[in-house]
Amino acid sequence: MSLNARSLALHLGLVAVLFALCFLLPTYHQGNLARIMVLATYAVGYNVLFGYTGLLSLGHAMFFAAGMYGLGLAMQLGGLSPVPAFAVGLLSAAALSAIVALLALRTIGVAFMIVTLMFSQAAFLTALYFGAWTGGDEGFVIAQASRQIAGYDLTNPTVRYLAALAVFSVALLMTGRMMQASFGHVLIGVRENEERTQMLGYDVYRHKLLAVIISGTLSGAAGAAYALLFGYVGATFASVQYSIFPLLWVLLGGAGTTIGPLIGVIFMFYLIDYSSGLTSAYMLIAGVVLVLLTLYARTGLMGEVRKRWVPWLP
Amino acid sequence: MEFGPHLLLAVLEGAVGAAVLALTALGLSLVFGVMRVVNVAHGEFFMVGAVVAWFVADTIAGHPAVGFVAALIVAPLVAGLIAVLVDKLVLKQVAYDPEATIVGTIGVLYILQQTALMTYGPEPRPVEAPFSHRIALPWFEWGENGLAMFYPWGLSITSYKLFVIFAAATVLVAFWLVMSRTRYGLIMRATQLDRETALAFGIPVQRVYSIVFGLGAGLAALAAVLIVPIQQAYYLMGAEPLLLSFIVVIIGGLGSVRGTVVAALMIGMSDGVISVFLSPTLSKIIATLLVALVLVFRPQGLFGTKAA
Amino acid sequence: MTLLETKELTRIYGGLTAVNHVGFKLPQGEVHALIGPNGAGKSTFVGMVSGRIPASSGEVWFEGRNVTDLPAHRRIRLGMAYTFQITAVYERLSLADNIALALRDRTRAQILVALDRVGLADRADQITGDLSYGHQRLLEIAMGVAQSPRLLILDEPTQGLAESEIEGFNTLIRTLAGQTTILLIEHNMSVVMALADRITVLETGEILASGTPDEIHANAAVQEAYLGTG
């Protein structure tokens, strides 16, 4: 089987497994997995920029939040129904990514990280500042009654799960396809040796710009989906913590692999779920995992799998 | 209180903040200047300083001044030792790779923060100042008899706050003297300028790095001990000093000591003044956007030199 | 036809003039060697030609077109290829992936043909970083050739190559000569004498002499400055 066919088979297989799990899992885990899949969409988006293009952003929460608030405010204040509101969320995230890209891509390395962090902080503070509309730290709830698409009630656990799966599948298949195409290979070239890629005739700046926009829009899609499926919009999702999470997930799962992000989210979700039962200081786990990853496993779980056993893993 | 005295009060309060910020930011700038790494856990060393100060003050009975002096010694030491440990266990192992250091220190941030949560608890707690006398401040106004001095009600400052400004200034001057006049300072500056050559001259670069990292943390902790009688010790208090230190170091120019001090004065004063007239949230938004834009359009800051 | 021309091309770094108002003409189909002592400005010169380094002043003309304001990647697309003085390949990727990026084509057959030109076809799936420096260098040359460029710029291509590899390199360049115009910086004088149609000698940013290998060999000023026994 050719490389591309194998990759497609893997991704479709994963989607099929996730589909089956909808009907096999007990309610608690089914609900968890729905949440995990939406967050994994966020991680997939982050992976495009970090794992494939090699740009470390510390401010992706602003894109997630742009999608979340875009959809949330469109429904709450604008009275829009879910589908056009989702489009508003996507457009908000896309627009924000474009603006941030145009500014932040003038910097490199550490400066890029700090600039993205600063813009994200400003976005978070802005959400707090306009608390009258955004509900500030507390946020607001989107009424159950409005969360229906084509007669399907999104608050129904099974419908919600399948909706989350739909969003994740699109993100997964899209990035899978993108990485097989020439565009994806050039992104990897930019990551591996930017000057060499430039001197092979590729417009590195344009590629980075598109990578930021695609990454930010996917993250925004996840944010919009989260608001729609779980009915809550809040400034916490724009805080620094939600910029660190995707980094953590992708590093753990395997940066630069397509299924690594999902694995990372599953792992961390259940690790934190378990430890928050033990102590309120569950973020300690996140800290320890980050340090251990930095020291011993920079390639992450799927990265190790690819290195040792499955060299064709996309 | 009218505008004039109000402004004076804001300026004085700002000066206190600026003094503490200058020390904290200096720690961050020193680490970046000599080691070329960004320590994202820097704010947590500040918090460690405050929390340790609380523990010391709580343990030592008697006059609060005794506990305070003890804290001034113990807290920076503890923070410094933790930092040296982090350097040896984490930073050295990743060979000070910029990206790995940032990710690793984010991890350290959460470890320190959550450990404080587990040991110290989630509530903010006060530490008593070693001394505190209210000093009324005079204001001048044109009266019937020409320029008259009077004491507007509410325009005052505590002796402790004046002490903080004085103490911070002393430490800054002492630091500058050490850096520019002593052999240790020379070694640090040499390592900052050219690591390879420093190695060739027999300077133990690895040890310098550990000491510098410890010193950076110690400065932050010292600043925290000074401010904790005015603020309170709280496990989440590291976030704001981190953000502000970042702003100062970037605007002042990464690695430039003079720039750090001047920028700290600017940021600290304006943060204090602006916060009086604008909402603190809005002034923070402006500050963060300013940092981002400075990095984008003038990456060398106000005082740094453009990297070749 | 003049493929490449520079007019008053200059590069100043702070107080140092690395390349000083250099005027240079390269006819199509020629193999041209650029030699000179270290620090003469050779790499800076070709850096400006390719667009990697911005010029302080002066112009670069390629195929009758002023490309001075074009960014490097556009010039590459117009038909230039560039190999770095210090090997710049994708060390964590396989040789095949490296060539694929140069070819802009992932067809296996094409990749193997490109690798075969430097004798590396049997190592197509090895990770580049695992190869010897000499092999990595050959890969980079293969990447340059794979682009079927109009102008191939080689910055000290044989440095780090074993004798047999240098022989292979010479043969490769001879097969290209005529279709591809080649500008190479070299310190290895035997390679220069074997391959070059014409030679230009640079010293402290200026052209000291220019001519056929025999003319340069006989030039007293060049001998004094650089050549020795050649």
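**Chains A and C**

Visitor: How many residues of chain C are in contact with chain A?
Guide: In this predicted model, 16 residues of chain C are in contact with 13 residues of chain A. Two residues are in contact if their C-beta atoms, placed from the backbone, lie within 7 Å.

Visitor: Which elements of chain C give two or more residues to that side?
Guide: They are α2 (72-78) and α3 (95-103) of chain C. α2(C) gives the most, with four residues. Helices (H or I, at least four residues) and strands (E, at least two) are DSSP runs, numbered from the N terminus.

Visitor: And what is that side like by class?
Guide: The side of chain C that touches chain A has 10 nonpolar, two polar and four charged residues. Ala, Val, Leu, Ile, Met, Phe, Trp, Tyr, Cys and Pro count as nonpolar, Asp, Glu, Lys and Arg as charged, and the others, Gly among them, as polar.

Visitor: What about the numbering and confidence limits?
Guide: Residues are numbered from 1 along each chain as its sequence is written, while chains are lettered from A and ligands numbered from 1 in the order in which they are written. The model is predicted, local features need pLDDT of at least 70, side-chain atom pairs count only at pLDDT 80 or more, and totals for chains, interfaces and linings use all residues.

Visitor: Turning to chain A, how many helices and strands are there?
Guide: Chain A has 14 helices and four strands. Its radius of gyration is 19 Å, close to the 20 Å that the globule rule gives for 314 residues, so chain A is as compact as a globular protein of that length. The radius is taken over C-alpha atoms, and the rule is 2.2 Å times the number of residues to the power 0.38.

Visitor: What box do the C-alpha atoms of chain A fill?
Guide: Along the principal axes, the box is roughly 55 × 45 × 40 Å.

Visitor: Back to chain C: how is it divided?
Guide: Chain C comprises domain 1 (2-79 + 149-227) and domain 2 (93-143), with bounds from an automatic or database domain assignment. The centres of these domains of chain C, taken over C-alpha atoms, are 25 Å apart.
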